[in-house]
Amino acid sequence: MKLGKVEFCHFLQIIALFLCLSGMNQAELSRSRSKPYFQSGRSRTKRSWVWNQFFVLEEYMGTDPLYVGKLHSDVDKGDGSIKYILSGEGASSIFIIDENTGDIHATKRLDREEQAYYTLRAQALDRLTNKPVEPESEFVIKIQDINDNEPKFLDGPYTPGVPEMSPVGTSVVQVTATDADDPTYGNSARVVYSILQGQPYFSVEPKTGIIKTALPNMDREAKDQYLLVIQAKDMVGQNGGLSGTTSVTVTLTDVNDNPPRFPRRSYQYNVPESLPVASVVARIKAADADVGPNAEMEYKIVDGDGLGVFKISVDKDTQEGIITIQKELDFEAKTSYTLRIEAANKHVDPRFQSLGPFSDMTTVKIIVEDVDEPPVFTSRLYSMVVSEAAKVGTIIGTVAAHDPDVLNSPVRYSIDRNTDLERYFNIDANSGVITTAKSLDRETNAVHNITVLAMESQNPAQIGRGYVAITILDINDNAPEFAMEYETTVCENAQPGPLSFQVIQKISAVDKDDPPSGHQFYFSLTAEAANNQNFTLQDNKDNTASVLTRRNGFRRQEQSVFYLPIYIVDSGSPSLSSTNTLTIRVCDCDADGIAQTCNAEAYILPAGLSTGALIAILACVLTLLVLVLLIVTMKRRKKEPLIFDEERDIRENIVRYDDEGGGEEDTEAFDMAALRNLNIIRDTKTRRDVTPEIQFLSRPTFKSIPDNVIFREFIWERLKEADVDPCAPPYDSLQTYAFEGNGSVAESLSSLDSISSNSDQNYDYLSDWGPRFKRLADMYGTGPDSLYS
C-alpha cells in the first residue's frame, strides 16, 4: 500500500516520537555512586541521582505540552517532601517541570535550525526548609531533527561563461545548495542535483553540482546565451524529499573562429589634387563576426603604384583601415593610383586554422581630380648677393614661376611689401628680374628676406609665393673710430718710464665694415700733435695703441685737461681714416697711482670742506628751491579774475531771447540806438596782466565827420578793444562790418556800395597799420597793388 507525501511525513514523525520515548525511558533516573555532598549542621549524605541527555522532536504540532523526561532523586520517598526546580535556557518559558513529580514538558514548538540544544540546571529541595537535598546538576535537551528545510542555493543565480566551440564535457561552473537540516541525522541534508532546463546543451553531475557542456561546436555567432534551471533535492533525491532550484545563465565567450572578409572586392575614391599631406582619402573595413581582441585588424598595402604616395593605418576604435596621403598629389603628373590592400587578424588561434586563412585582399583605386593651382616657383628659396655700393637699378637676380595647370596661364610677379617696407627692391612684373630701388647699406641691414608673389594672369586669386634672401656684400665705407669713450687721467706726480715714457692709456678701434680678412688698424698722432712735449703714441701692431707721457711734473694749476688728436687708418681698399681726440685730465693721485681729484677748482675750496659736505649743501639748496616753487604756484592759483566786472562775466551765462522781431523798423523788440548812433560809449574792460597803451575816456561823435574818417575811427576803436580783450584769439582774424542796406536808420556799414559808386573815400591808411590789416588794405586800398585796381 503506497503512502502519499503527507501521510509519509506523519509516519516519519510517529517513528521519531517512538524512538524519543524509548530514549527517555532509558534516561530514567538510575542510581550510581558519586562524590559525597556535605551540608553544615547535618551528617554527610551522598548524591544519588544522575541522568543522560533528553531528546525532543522539533516541530511538534500537538495541543498538549510535549513530554520531555522525568527527574527523580533517591531522597524522594514519594511523600511530597521533595520539591524539584528547573533553571537555565528556556526554563519556565519553553520547559516546565512538575515540582512534585519531576516531569519535564515543552510548552512551545521547537525548531532545531534556530537552536539545536538547550542547557538547563536541575535541583531537588526540601519542601519544608527549602534547602537543597542534592547538589545542582546540569543536563542538555537536544532537539531531534526532521526534514523541514529545502535545499537553497545561496550564491545563485549564476552567470558563468564558457568559450564557444568548446568540446563536450568542458566544465562551466559548480553550483552548491545547502540544507539547514541536521547532516548527521538521516538523509534530510543529503542533496542531489539535476537539470530541469538547458538540455541537451549542458548537463550537471548529481553529487557535485558541476555543470558541463553536453554538445560540441556551440557557436557564439549563432547563439551566445543559454538559460539553465538546476534543481537540488534532499533525501538523496527520493520521493518525499524537499527541493530548491536556481537559474544559471551561460554566456558563450568569443574565440577567433571567423576570418576577416572585405564586403567588396574593389573600391574607388575621387580626391582633389590640392588635398594636403596627411589628409584622409578613404576608410575601408573588413567584416569580422568576432568581437574584442579576436576582431582586431592589421591593414597594409601589399602592391600597387601608390606605395610611396599613400599609407594605411588602423583605427583602434572601429578597426577601420584609414588611407592617408604621404606626398602631394599632382594631376598633371599622375591622374590615378591603384592599391592592393590586405586585412588580417592580429591574434590567430591555431585551433581554428582549418577554417581558412585569417586574412583577405581588396583593390582600391584612387582618382586624382584636377584643381586650379597657384603658380609654382622653380625654387622654394632663392639666394642672391649684391654689393652695398650697387647703384639704383642694378640687377640682382631673377626668379621664375609657372602655372602647373594644363592651361599654363602667364604669370605676373610682385614683391610683398610687408617684407620690404623700405622698398629697397623692385621686380619686373613679366620677367621676374629683381633690381635695386634704393641705395643699400650693409651696416644697416646685412640680409634682406623678401617674399615674391606670382599671380596667374587669368585668375589673380591664384597666388604663389617664393622666398628670396638677398645678402649685401660689404665695401670699405666706414672709417675706424675709438672702441669706446676713454676716461684718461695722468697723475700730477707721474714719472717717465725706464725709457722716459709711462703708459697712461691703451686704446683700440672698431670699424662697422666687415672685411673678409679681418680688420687691421694703424695708429699715429696727427701732424700738429706729433711734436708735442707732453704725450706720445706707440702702435702695438695688434689693433691697439699705447699713450705715453713724455715728461713729468704735470700740474693742474697750469693745465688740467689735454686734448690729444689720434689718427687711425684701416686696411681696406681704399683705406679710410679718421681723427679721434683723446681727452687727458690731470688728477691728484694717491700713493698707488689711483686718481682722487681731477678738478682744478678744488684748490679754490676751503681746506676743511669735503665732497660730502658739498653734496649736503647742494641738497639743501635744491630743497629750498622746491619749496619756493610750491609757494608761488599756490599763490597763482588764488589770484583774482583777470577782468573786473561789477555785474557778472558774460562768458559764464547763457542769455536766451524769445522775441520775434519785425525787421529793422521794429523798434520795440530791439534797441535801435546802437545802430542809429555809433557814438555809444561802452564800458572798457581792462586786463590785469596787460597794460593798455591807450585809455579811451570818451568816443568822438562821428555824425559830422566824413565817411572815411568814421570808418577809420570805427576800425581803430575795434582794434584797441581787441588788444585789451582777454577773450580775443591769439592770432589775426578778419572782422567784417556791414550796413543792412539802403533805408536803414543806422545807415550802411558796408564799403562795397561805396566802391561801386563815385565816393571819394580813401582807405590807403590801412596799409600803414601793419600786417594785421593787410587783407583790408588789399580790398579797399587804391594803390597799384590793390585787389580792385
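Predicted model: local features only at pLDDT ≥ 70, side-chain atom pairs only at ≥ 80, totals over all residues.

Reply: One term is needed at the outset: a residue is called buried when its relative accessible area is under 20%, exposed when that area is over 50%, and partly exposed in between.

A disulfide is a covalent bond between the sulfur atoms of two cysteines. In the whole structure, a search finds 2 disulfides. One of them joins Cys491 to Cys589, with an S to S distance of 1.9 Å. The angle about its S-S bond is -90°, and the link of Cys491 and Cys589 is left-handed. Cys491 belongs to strand E34 (residues 488–491) and Cys589 to strand E40 (residues 577–589), so this pair ties together parts that are 98 residues apart in sequence. Cys491 is buried, and Cys589 is buried as well.

The other disulfide runs from Cys587 to Cys598, with 1.7 Å from S to S. Here the torsion about the S-S bond is about 105°, so the link of Cys587 and Cys598 is right-handed. Cys587 lies in strand E40, while Cys598 lies in the loop between strand E41 (595–597) and H2; the pair therefore ties together parts that are 11 residues apart in sequence. The surroundings of these two cysteines can be read from their accessibility. Cys587 counts as buried because its relative accessibility is 0%. Cys598, in contrast, has 22% relative accessibility and so counts as partly exposed. If the bonded cysteines of the chain are numbered in sequence order, the pairing is 1-3, 2-4. Another cysteine, Cys620, has 49% relative accessibility and therefore counts as partly exposed.

The loop that holds Cys598 leads towards helix H2, and this helix deserves attention next. H2 comprises residues 611–637, and Leu618 has its place there. Leu618 counts as exposed because its relative accessibility is 52%. Together with Leu614, Ile617, Val621, Leu622 and Leu625, Leu618 makes a nonpolar surface patch of about 530 Å².

The strands elsewhere in the chain provide further context. Strands of a sheet pair through backbone hydrogen bonds, either parallel or antiparallel.

Another open sheet has 3 strands in the order E18-E21-E20, and its pairing is antiparallel. Strand E18 (280–284) and strand E20 (310–314) stand at the edges with a single partner strand each, so one side of each is left without a neighbour in the sheet. From one strand to the next, the twist averages 25°. Strand E18 is joined to strand E21 (residues 321–325) by 4 bridges, and Val280 stands opposite Thr324 in E21.

Side chains of opposite charge can pair when their charged atoms come close. The whole structure holds 18 salt bridges. Among them is the one between Glu320 and Arg283, whose closest N and O atoms are 2.9 Å apart. With 41% relative accessibility, Arg283 counts as partly exposed.

A salt bridge also forms between the side chains of Glu296 and Lys346, at 3.9 Å from N to O. This pair links distant parts of the chain, 50 residues apart: Glu296 is in the loop between E18 and strand E19 (297–304), and Lys346 is in the loop between strand E22 (336–345) and strand E23 (359–369). Glu296 is partly exposed, as its relative accessible area is 24%, and Lys346 counts as partly exposed at 43% relative accessibility.

To return to the part requested, the link of Cys491 and Cys589 is left-handed, whereas that of Cys587 and Cys598 is right-handed.

Methods: Residues numbered from 1 in each chain as written. Heavy atoms only, no water. Pairing = 2+ DSSP bridges. Axes fitted to C-alpha atoms, helices over the stretch in contact; angles between N-to-C directions. Patch = residues over 30% accessible without salt bridge, like charges linked within 9 Å, V, L, I, M, F, W, Y side chains within 5 Å. Areas by Shrake-Rupley, 256 points an atom, 1.4 Å probe, with all protein chains shown as cover. Salt bridge = Lys/Arg side-chain N within 4 Å of Asp/Glu carboxyl O. Buried < 20%, exposed > 50% of the residue type's maximum accessible area, 1.4 Å probe, protein only. Disulfide = S-S within 2.5 Å.
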